[in-house]
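Dear colleague,

Please find below the structure for your review. My notes on it follow.

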Amino acid sequence: MSYAKLDTQESTLGHDEEIGGSLGGSGTMSQAVLRMETLRTKAVNWQTYFKTSIIEEDEYRFLQEFSSKTSNRNELILKQPSQCAKTFLGVPQKIRTDDTVQCLLTTFYDLLVENKERLTIFHKYAADMEMAVYQPLMPLLSRPSPFTACVACHIIGLLVSSSSKLMTEDDVRTYFEFIQERTKNPKNEFLLTILSSLQLVLRRDWYRNAFVANHCLEGLAKLLKTHRLNFQHQYQLIFCVWLLAFNSEIASSLNKFGIVVTLSDILKKSIKIKVQRICIAALRNSAEKPENPGENCQSMIQQRVPQVLKVLAGRTWEDPEVEADLEFLQETLSTSLQDLTSYDEYVTEVKSGRLEWSPAHKSDKFWRENIMRFNDRGHEMIILLSKLLDADDDEQTQAIATHDIGQYVRYYPRGKDYIERTHVKERIMQLLQHQKADVKKEALVATQKMMVNNWEYLGKQLEVA
């Protein structure tokens, strides 16, 4: 999918399938949209707020006329653009009553998505007042009501993604911390709204870099891996990955966070066309945008993506860009496969964070030919394998990592010293108490390798066992 398509996609909470889609996996509308439907029918007594000096007279008169059933809202906005901007930016933070703030934010949201050209009214007002257009709404992120905070987050996203001025570093940190906190729980009822906000700001490269700089990519990767997501959550998350991967450096780091493996898994398992489409687009970016896409491509090969692409390419796609993405991926992965050595494949597998019993792990030839490479870059491979010993949610990966560390000790004369010096031996011995038999077995064998010197004798004993 091309980046140019972003300009034609609506940035709504509930009426657009491309950004901020309205439907979850169960077919029910998002909580924000449902709440908004109720709020649109409520009337607010603005006179009370004026009489108690909570809002100013000009704000009161504008809101009174704007909320009138006989009001021509568009005409009023065109007649009083500055007053419109002042009111919707300034009044929400003055009011503490949840329902009233939520009614106002709903109206604010509606007027922006009804006509995106209205965004210029707010940018002009902010420039005239010499302030950041989003700034008055930032305090709403700390309101106790999840709806208030999340819709404010989305409106901020609309404003900053259309502004020529960037957020301050402190504000963007606060903004992304809010998003990161709200995306930790896949059961968050306003998750769709938060992801919609993220989709808006990640259109711009500065915000992509800020997102990664504020350590948010790891959280996004973790959320994408969860099995409790419905297809709409998956779609919006992958859309965010697709946007992030337009940045070359970020695209290069995707495999480090296991994102390429997760995308490969989703592509293999999802039956939703929209999820398949965005997955293909995200994988293309991961193979095209990095200066050196080798690891990403090798990870896709490791996850048997070429076979999946062959099946998908045999379908009829209405969108020619999907066909172009499929063709690009097939050609790129085919070239990468020709250049792939068994050690390259092994490195990619380890860096992906998920191991399978591929031939290299049990091949004596592989270990004899490549053992010294395990000491490269400060023992990088051994360090990564030792981290995988803690993959408690993936017993197979734990077992294979344990096995491979045992092989390192067996084939490298000084391997035992390094494993003991870095306390990896202690972690392996802890795995002797593991509940899973496969992990316990590999831990036992690895421990034996660390304690004996006659490898040929040990090998024969293991074969007998």
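At what angle do α13 and α16 pack, and how far apart are their axes? The two helices pack at an angle of about 20°, with their axes 9 Å apart; axes are lines fitted to C-alpha atoms, for helices over the stretch in contact, and angles run from 0 to 180 degrees between N-to-C directions. α13 and α16 are therefore roughly parallel to each other (angles under 35 degrees count as roughly parallel, over 145 as roughly antiparallel, 65 to 115 as roughly perpendicular and the rest as oblique).

Please note that this is a predicted model, in which local features need pLDDT of at least 70 and side-chain atom pairs count only at pLDDT 80 or more, while totals for chains, interfaces and linings use all residues. Residues are numbered from 1 along each chain as its sequence is written, and side-chain values use heavy atoms, with hydrogens and water left out.

The protein chain as a whole

The protein chain has 28 helices and 0 strands; these are DSSP runs numbered from the N terminus, helices being H or I of at least four residues and strands E of at least two. Its C-alpha atoms fill a box of roughly 90 × 45 × 40 Å, taken along the principal axes. Of its 465 residues, 55% count as buried (buried means under 20% relative accessible area, exposed over 50%, partly exposed in between, with a 1.4 Å probe and protein chains only). Among contacts (heavy atoms within 4.5 Å) between residues at least 6 apart in sequence, 70% join residues at least 24 apart.

The α13 and α16 pair

α13 passes α16 in a left-handed crossing, a term that applies if the near helix is turned anticlockwise from the far one by less than a right angle, clockwise being right-handed. Residues of α13 that meet α16 include Phe231, Tyr235, Ile238 and Trp242, and their partners in α16 include Lys274, Val275, Ile278 and Ala282. The charged end of Lys274 sits over the ring of Tyr235, 4.4 Å from its centre (NZ of Lys or CZ of Arg within 6 Å of the ring centre and within 35 degrees of the ring normal). Likewise, the charged end of Arg284 sits over the ring of Phe328, 4.3 Å from its centre.

Leu243 also belongs to α13, which covers residues 231-244, and is buried, with a relative accessible area of 0%. Ser270 is found in the loop between α15 (259-269) and α16 (273-288). This serine counts as buried at 13% relative accessibility. Leaving aside its neighbours within four places in sequence, Ser270 is in contact with Val275 and Gln276.

Aromatic pairs

A search of the whole structure finds 24 aromatic pairs. Rings of Phe, Tyr and Trp (its six-membered ring) pair if their centres lie within 6.5 Å; planes under 30 degrees apart count as stacked, over 60 as edge-to-face and the rest as tilted. The rings of Phe62 and Phe66 have their centres 5.5 Å apart and their planes at 25°, so this pair is stacked. Both residues lie in helix α3 (residues 57-66), 4 residues apart, about one turn of the helix, and both are buried.

The rings of Phe88 and Phe108 have their centres 5.5 Å apart and their planes at 35°, so that pair is tilted. It links distant parts of the chain, with Phe88 in helix α5 (residues 81-90) and Phe108 in helix α6 (residues 98-114), 20 residues apart. Phe88 is buried at a relative accessible area of 0%, and Phe108 counts as buried at 0% relative accessibility.

Yours sincerely
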